[in-house]
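Please consult the sequence and the structure shown here before reading on.

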Amino acid sequence: MARIRRSPHFANGVFQNPGGPARMRPSGSGRDMAKQFLDKDARSRRAPRGTIPVHPTTLADLTRPPATGLRLTWTGHSSVLAEIDGQRVLFDPVWGERCSPFPFAGPKRLHPVPLSLAALGTVDVVVISHDHYDHLDMPTIRELAGTDTVFAVPLGVGAHLERWGVSADRLRELDWQESTRVGGLTLTATPARHFCGRGLRNTQHTLWASWVVAGERHRIYHSGDTGYFEGFRDIGGAHGPFDATMIQVGAYSEFWPDIHMTPEEGVRSHLDLQGGKPGGVLLPIHWGTFNLAPHPWAEPGEWMADAAEAVGQTVAFPRPGAPFEPGGELPTEPWWRPLTRPVPRVWNTGAPPRNEETPSGDLDLAGDR
């Protein structure tokens, strides 16, 4: 608490967002929001119509060093294993079945994890963006606590980890713009526009952050959860450009526009981070794994594809668990299309849906295609 009170981002008893106050509770009419969530047709679009094609990540996938020195493996939602310049960074690992305080209720995974935590092998540092259940998973942290990994977390989040068995000497707890070294990597906590809390009472006593990880040859960025704000340009100016960014583009809504980005805003944030022009590779995260918002399940993928194409930005669309190298051949197949009805392109109402109608039922898409 002494460090929290000294933070320049802490005032009036709570952490403050960059760019002024952000609406952290749903805005607008509660009746309108309930209508969106309960509408029968809309509900049917918020989940896939078959089996999500998870790549069963193998030991062979991860033991072979990346030829370019940088490899990313998106395991679902915001969880990404980054192998960068000889070290391994695990962002926001959530291996639990539900992102909830209860094992029997709350948003449930729409696909299994591609591999067990034990199969990951040694991880040099685990990075946490904030303490919401879909980013900080107690069972996952307790399992990782039994390893030798270091944990880099925003200011205040370390208290959760200590309660779950992580020793204080393995914690690197940072305020925005603070950095720490882990082996040959420099990790910097950078601003984000979001909020914290794991209960009905939101005390705002733990910080939320995006993260920059810089190695000898490569730089990557993980957005955590955030609304769009001008600070992306400052982050890019101080730490970019990046070989790859991992950008939150799902679980957005008109009811909470300040704290989650749409895919179009995600592309804009990537361009800001790259100095205002296309560059590097954008990996969309925070979609596909949990049903957390009223938009169709496949909409983030379709909207991201359109928004990126409009500005000439390269985007990777890996299936969960499929490793790829941003400097090599990229996964670009829209793997989600056979699993969903046509997605209304609300961001471009003059154009038809991008995918064709497919029969309902369980689809077998496990193979490489």
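## Strands β5 and β6

Strand β5 (residues 87-91) and strand β6 (residues 125-127) run parallel and are joined by three bridges. Within this pair, L90 has V126 of β6 as its bridge partner. Strands, like helices, are DSSP runs numbered from the N terminus (strands: E, at least two residues; helices: H or I, at least four), and two strands pair if DSSP finds at least two bridges between them.

## Basis of the model

The model is predicted: local features need pLDDT of at least 70, side-chain atom pairs count only at pLDDT 80 or more, and totals for chains, interfaces and linings use all residues. Residues are numbered from 1 along each chain as its sequence is written, and side-chain values use heavy atoms, with hydrogens and water left out.

## The six-stranded sheet

Six strands form an open sheet in the order β3-β4-β5-β6-β7-β8, with mixed pairing. Its edge strands, β3 (70-76) and β8 (171-174), each pair on one side only.

Buried means under 20% relative accessible area (1.4 Å probe, protein chains only). A244, M246 and Q248 point one way from β13, while T245 and I247 point the other way.

Strand β12 (residues 219-222) runs parallel to β13 and is joined to it by three bridges, with I220 opposite A244. β13 also pairs in the parallel sense with strand β14 (residues 281-285), over five bridges; there, the bridge partner of A244 is V281.

Definitions and conventions
Buried means under 20% relative accessible area, exposed over 50%, partly exposed in between (1.4 Å probe, protein chains only).
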